[in-house]
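Q: Please take a close look at one part of this model, and then go through the elements that make up the rest of the picture. Give the cut-off behind each term when it comes up.

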Amino acid sequence: MLILRCPYCGVDADETELAAGGQAHIKRETVGASDEAFEEYLFMRENPKGVHFERWRHANGCGKWFHAARCTETLEVFGTYSAQTTEPPKEIRDKISEKRPGWSWGEFS
Amino acid sequence: MKRYSAFAIAREATRYHQGWERAWASPEPKKRYDAIIIGAGGHGLASAYYLGKNFGITNVAVIEKGWLGGGNTGRNTTIIRSNYLQDPSAAIYEKARSLYETMSQDLNYNVMFSPRGVLMLAQTHHEVRGYQRTAHANALQGVKTEFIGPQKVKEICPIMNIDGPRYPVMGGLWQARGGTARHDAVAWGYARACSDMGMDILQKTEVTGIAQEGGKVTGVQTTRGDIACDKLGIVVAGHSGHVAKMAGFRLPIESVALQALVSEPIKPCMDIVVMANTVHGYMSQSDKGEMVIGGGTDSYNNYTQRGSFHHIEETVRALIETFPIISRLKMLRQWGGIVDVTGDRSPILSKTPLDNCFINCGWGTGGFKAIPGSGWGFAELMAKGYSPLTAEFGLDRFREGRFIDESVAAGVAH
């Protein structure tokens, strides 16, 4: 079973306590954006076989949204971090680089 | 190819079964093919088969990184139905269902198609209204379904408890011509027929890159060398995003795990397929007597072909109320497949930004039932550049907002 540590309340929550919120770090588009930009925002997804960044909510716990860095191939969790950011923090990225040298995900690597 | 027949069995019986041929050849790859299909699952092999049968294109290779039919083709719960709400879906699934009826004769391979009937239970008032609507839509689409009341449900499936306290059965959408087929046999039958037409099925050959020149596809790089081609079809289900990345475009797809499980074999007790979408479960009985049970998908991206245990627990817990008979059954096996789910829960059969490269993916949780229809349409798209069956399933529908919204009918159970 997938276990993620909620960065807000510090609880090691298993997946029945969490709600998955899909891909993280999506740039929101609004009025005036092109069709392509809206398609990217609404539908296009990274869907990697390997390193992935996701949004999760500690639904049956503190109720807060947070981010997780995870491997979709092995289910290894690299770490969780605050939702109040537009990019994965450096320590998480360094940790991933240690375990998966040469990884890339969207604009991050 | 020697035909399979009662006569052939008698002939082989007299000579210790020494005369059976291999069903398909395992050739060395050629330098060049007119068309290459990546993925030797049901959809890929069906596409190759109809390229040859309907359009005479037989210089074709089907490339598979694992073994033939070893992905979702061998992992699904084999349900065949076409009771969809939207017109484009009903058209392609109904084409598929009708091709299943004659598939064994067509391929000279017994796919054990069993039109035993599919019943989708309505267990809430919303579902009653939803399925009545679908029944009306199906009548207009020429798909034979009907909405039946709880007493008729009990008549068709006596082991069902229709008075459950939590999820009473209030009726159901009944498609008498739906059913099941032997999933492996579908892949094997197509493979045998393709090989007979002179196509090369290259197993244990992984595509590692896609060669292009001037915006046009020119071939693929594989673990067994470079192979040139005029046209390329990508039919790799859960790994579509991975292969699309090699071709240089993105897809509106996320891959998640979908699970199924089977019980120990028991005596025949249910001769139809029952789907209960409110409780995320569906069940049929295999010819061996196992109860075949499928559930919902995991909620997060995953490539592990396992799935979360709590989903199995939820599925079985909910089914036990409707089928008290299964409460003491032992479950024998559980497995997962990686399904490619799109934003509107409908497949993508489309040209791509790369010329002469086509993609057939996004079948999500319900691809098995569509195999022959998908192959039929995709072969036409690859051969002629247009197919009425696939026209609405283009990749650009997301940008243009022309969704084929089957979330209600297809988002949960298949």
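**One residue and its setting**

A: Leaving out residues up to four places away in sequence, B:Ile162 touches B:Pro150, B:Val153, B:Lys154, B:Pro168 and B:Val169 (contact means that the C-beta atoms, placed from the backbone, lie within 7 Å). This is a predicted model, in which local features need pLDDT of at least 70 and side-chain atom pairs count only at pLDDT 80 or more, while totals for chains, interfaces and linings use all residues. Residues are numbered from 1 along each chain as its sequence is written, and chains are lettered from A and ligands numbered from 1 in the order in which they are written.

B:Ile162 sits in the loop between helix 5 (150–156) and strand 6 of chain B; helices (H or I, at least four residues) and strands (E, at least two) are DSSP runs, numbered from the N terminus. With 19 other C-beta atoms within 10 Å, B:Ile162 is partly exposed. The scale calls a residue buried at 20 or more other C-beta atoms within 10 Å of its own, exposed at 12 or fewer, and partly exposed in between, with C-beta atoms placed from the backbone. B:Thr208 is 46 residues from B:Ile162 along the chain, and their C-alpha atoms are separated by 53 Å.

Strand 6 of chain B (residues 171–175) runs antiparallel to strand 4 of chain B, and 5 bridges join the two (strands pair if DSSP finds at least two bridges between them). In this pairing B:Leu119 stands opposite B:Trp174 of strand 6 of chain B. Strand 4 of chain B also pairs with strand 13 (residues 273–276) of chain B, in the parallel sense and over 3 bridges; there B:Met120 has B:Met275 as its bridge partner. In a regular strand the side chains alternate between the two faces of the sheet. In strand 4 of chain B, B:Val118, B:Met120 and B:Ala122 lie on one side and B:Leu119 and B:Leu121 on the other, all of them buried. Strand 4 (residues 118–122) of chain B is largely enclosed by the rest of the structure, because 5 of its 5 residues are buried.

Next come the helices of chain B. Helix 2 (residues 42–55) and helix 6 (residues 183–196) of chain B pack at about 35°, their axes 9 Å apart. Axes are lines fitted to C-alpha atoms, for helices over the stretch in contact, and angles run from 0 to 180 degrees between N-to-C directions. This crossing is left-handed; the term applies if the near helix is turned anticlockwise from the far one by less than a right angle, and right-handed applies if clockwise. The contact of helix 2 with helix 6 of chain B holds 10 nonpolar, 2 polar and no charged residues. Here Ala, Val, Leu, Ile, Met, Phe, Trp, Tyr, Cys and Pro count as nonpolar, Asp, Glu, Lys and Arg as charged, and the others, Gly among them, as polar.

Helix 2 of chain B also packs on helix 9 (residues 371–384) of chain B, at about 55° and with the axes 7 Å apart. That angle makes the two helices oblique to each other (under 35 degrees is roughly parallel, over 145 roughly antiparallel, 65 to 115 roughly perpendicular, and the rest oblique). The crossing of helix 2 and helix 9 of chain B is right-handed, and its residues divide into 12 nonpolar, 6 polar and 1 charged.

Helix 3 (residues 87–107) of chain B meets helix 9 of chain B at about 110°, with axes 6 Å apart, so helix 3 is roughly perpendicular to helix 9 of chain B. This crossing too is right-handed. Helix 3 of chain B contributes residues including B:Ile92, B:Leu99 and B:Met103, and helix 9 of chain B contributes residues including B:Ile371 and B:Trp376.

Between the chains, the contact takes 19 residues from chain B and 17 residues from chain A. Elements giving two or more residues to the chain B side include helix 7 (240–247), strand 12 (253–265) and helix 8 (309–322). That side has 6 nonpolar, 10 polar and 3 charged residues.

In chain A, 4 strands form an open antiparallel sheet in the order 3-4-5-6, with strand 3 (19–23) and strand 6 (77–82) of chain A at the edges. Strand 4 (residues 51–57) and strand 5 (residues 65–71) of chain A pair over 7 bridges. Helix 2 (residues 90–99) of chain A packs on the sheet and touches strand 4, strand 5 and strand 6 of chain A.

Notes:
Contact = placed C-beta atoms within 7 Å.
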